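Please open the model in your viewer and keep the selection panel at hand. The tour below tells you what to select next and what is found there.

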Amino acid sequence: MSRSPRQIHLAAHFPGVNSTTVWTDPASGSQIDFAAFEYFARTAERGFFDYVFLAEGLRLREHKGRVHELDVLGRPNTLAVLAALSAVTDHVGLVGTLSTTFNEPYELARQLATLDHLSAGRAGWNAVTSSDAFHGANFRRGGFLAHADRYERAKEFAALSKKLWDSWDEGEALPRRIRHSGAQFDVDALFDVPRSPQGRPVIVQAGDSADGRDFGAEHAEVIFSLHQDFDAARVLYDDVKGRLAAWGRDEDSLKILPAATFVIGDTDAEARERSREIARQQVRPEQALTYLEQVWGRDLSGYDPDGPLPDVEPDTGSETARGWANRHKAVQARIASLRELSEAEGLSVRELVIRLTAKHTFVGTPEHIASEIDRYVQERATDGFTVVGHLTPHGLDEFATRVVPLLQERGSYRDSYDEGATLRDLLGLPAPARTLTPDAAAAR
Amino acid sequence: MSHRIHLAVALERAGWHPAAGRAAGVLPHDLVTPKPWVDQARALDRAGVVFATIEDALALTDRFEDADDPRPGRVRGRLDAVLLASALAPLTHRIGLVPTVTTTHTEPFHVATGIQTLDVASRGRAGVRLVVGGSPAERANFGRRDELDAEAGFREAGEVADVLGRLWDSWQDDAIIRDAATGRFVDADRIHNADFAGEFFSITGASIVPRSPQGRPVISVLAHESAPYRLAAEHADVVFVTPHGPAAATGILAELDGAAAELRRSAERLRVFADVVVLIDDAPGRAHDALARLDDLDGGAFRSDAAVVAGTPTEVADHIRALAATGVDGVRLRPARQPDDVFAIADRLAPLLRATRVLRDDDAATLRGRLGLPRPQSRYAVTPAEDPRTTPAREKVAP
């Protein structure tokens, strides 16, 4: 008797401000115009993706004290783009990265509830923490937040947000009062957005530290990981899903969707050649040196990008002031591992940086890519992938046209959206349990 | 020759009369679905209304209500106005979208980038109405922030307006160069840190958003008295005032002119819009009856900060014409009942005002353009006259 295959879940990541995007390609469009986001989201819908995923910008990246000039720089406000996308899409989920460090729960909870209402239940929140003074300098709270404190804040933020989202009962004219007193937040709140279609937006989590995984096991419904290698992905899958039982959750209540890049060709050889070309566009000589300068903390502009790694010591003096006590040791260890890798494989500076930042996850014919994605999911290394293309906004076109139909033929990917499906429905997640019992209403 | 004005509309849940939602049987959930907002915004867009403001507050209860004892029968529930305006942007064509933003509890950086993004998504139709959020209910929702007196709240709002302008200017229009030859996507010399340190907050970096279509979206405030008049005169493009008749409007305009002479930072004149609550019915006398029924339902006569005018489209148009004669730049109508009075404004009143040449004609695509405001250069832009590399030999000529 044949069983139906495990279903693949796909998210579409709009390429943000990093070297993924080949902006020098003549086919590369705007990263800012709303038309680019609309095109991308409609393509994701054409490919029956679960959701569109946007990163967040809190400060422009800098290099040597100036804004970084080499990669794409600048992007719109995440929530405002997702809200506008809610008006021009019908099915695809809308997920944004939003910091627990530089927001306040009442405001962010009402913005996410608003997005869930505007999209008829398609909102998701990638809850991230940020510790550093560099980003903090753009916000009221400013300053530096220790690693442990930022996860304390994130947990308290998520717990308080859930209480606010749960504070309206169906059909009620008024919410319950939420009194919350914790180390980070002390509020006495009446939430002003009625219960949203999903009750709560889907919570996504991207951190990979032990603290991050604990947060994920308790609160997350999707984990966006960077473990693309099959064995590493399966180790993470087992570890994170193994933590769920302690919170009374089952395997299907959390989906793991690692980032994945892809290069498609008519033959394997053609795909490999295209992959090499794209990687060389993604890491041009000046970008390779800039990458190393960020590790070394000093000017390396005299070095040859096609030569061996620099033979100078890193400069970590200025960094320690920012609160990195063990910064120097960490940098030394990082450089040692880079040397080891480049010597073992005989890599030049540029080849090393390509290897580190532009190694494409899936390279091959559409058949090869579809079968690999299916294998990861059927063998429980992942529940699917967060796909990132290398062009804006057309980076998803070829995947939607050529790979998706093959996944559908395998029976492991949807060929239509159910009418009125929420993001939680698309992901196959259970309805969220309410944090407040009806008894709490009596205390109102 | 009659003075011509702009027509704007202030959208507020079920309408501005506190019993409007109750009379129409509106439930909190009805107000948080996008459809009624889309329908009303599109109707006003088609009618040529110059912009719609969207009310917001960071509290369930109204500003002057006891937060511990919400009044029964009032309609509750809101969407975040910036996000609602963003969702309306792709579905409308010409109308300006002006969400309300509270300055007391929000992050100025998020406000700046949110409004810039609204400007991008609407292709140059974004504005913002800044409001001080000093109510006890708002403070309780956020916790931990010290109580601000009213004057400090306005000073903080002024800092927010100031830093919005700095962030909106932080990228010069030509900062993105996409120079494949040198591999430079942007020119770092054309991006500038805000470097703002004020009494209430500081912001170091530049915006994450490149300069938006209007450069600087339109800043507006509602003002009833001297402190907010001064805030408006110093920082705003548009001010909403609440004269209860033409004579009062004349006095307010004089006070605003005085404040502007002392404080104004912009070379452009402050645009003044007079607020009026309207309840419209085609049949003579019916609007007054409807208002009386709403008052009964609410248990008392409706008193607003703005004048309340109930009547036929012709009667309301007469009131607007009298206000126009005082020299205001526009009138912002607050519909007593939504959507009924919004549709009456779009389908009856606006065509009547246009036919009788009360409304100003405009064919500009951006909100600034429609209001007659030029697109400002970034404060960091180097004009040809100032750039030593391109300074021409001839004498400078005054503009």
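**Where the two chains meet**

Start by showing both chains, since between chain B and chain A an area of about 5600 Å² is buried, 60% of it given by carbon and sulfur atoms; buried area is the accessible area (1.4 Å probe) that two parts lose on being put together, summed over both. Next select B:Leu83, B:Phe185 and B:Ile208, the residues of chain B that lose the most area to chain A, together 12% of what that side buries. The contact, which here means heavy atoms within 4.5 Å, takes 68 residues from chain B and 72 residues from chain A.

Before going further, note that this is a predicted model, in which local features need pLDDT of at least 70 and side-chain atom pairs count only at pLDDT 80 or more, while totals for chains, interfaces and linings use all residues. Residues are numbered from 1 along each chain as its sequence is written, chains are lettered from A and ligands numbered from 1 in the order in which they are written, and side-chain values use heavy atoms, with hydrogens and water left out.

How many salt bridges does the rule find across the interface of chain B and chain A? There are five, a salt bridge being a side-chain nitrogen of Lys or Arg within 4 Å of a carboxyl oxygen of Asp or Glu. To look at a salt bridge between the chains, select A:Arg110 and B:Asp80, whose closest N and O atoms are 3.6 Å apart.

Turn to chain A, where nine strands form an open sheet with parallel pairing, in the order β11-β10-β9-β6-β5-β2-β1-β15-β12; two strands pair if DSSP finds at least two bridges between them. At the edges, select β11 (255-256) and β12 (259-260) of chain A, each of which pairs on one side only. Inside the sheet, strand β6 (residues 123-128) of chain A runs parallel to strand β9 (residues 202-205) of chain A and is joined to it by four bridges, and A:Asn126 stands opposite A:Val204 in β9(A).

**Backbone details and one last pair**

Most residues other than glycine have a negative phi, and most peptide bonds are trans. Select A:Thr392 and A:Pro393, which are joined by a cis peptide bond with omega of about -5°; A:Pro393 is in the loop between β15 (384-388) and α14 (397-409) of chain A. In chain B, the peptide bond from B:Gln338 to B:Pro339 is also cis, with omega near 5°.

Finish with B:Arg129 and B:Glu55, whose side chains meet in a salt bridge (2.7 Å, N to O). B:Arg129 lies in strand β4 (residues 127-131) of chain B and B:Glu55 in the loop between β2 (51-54) and α3 of chain B, so the pair ties together parts that are 74 residues apart in sequence.

Methods
Helix = DSSP H or I, 4+ residues; strand = E, 2+ residues; numbered from the N terminus.
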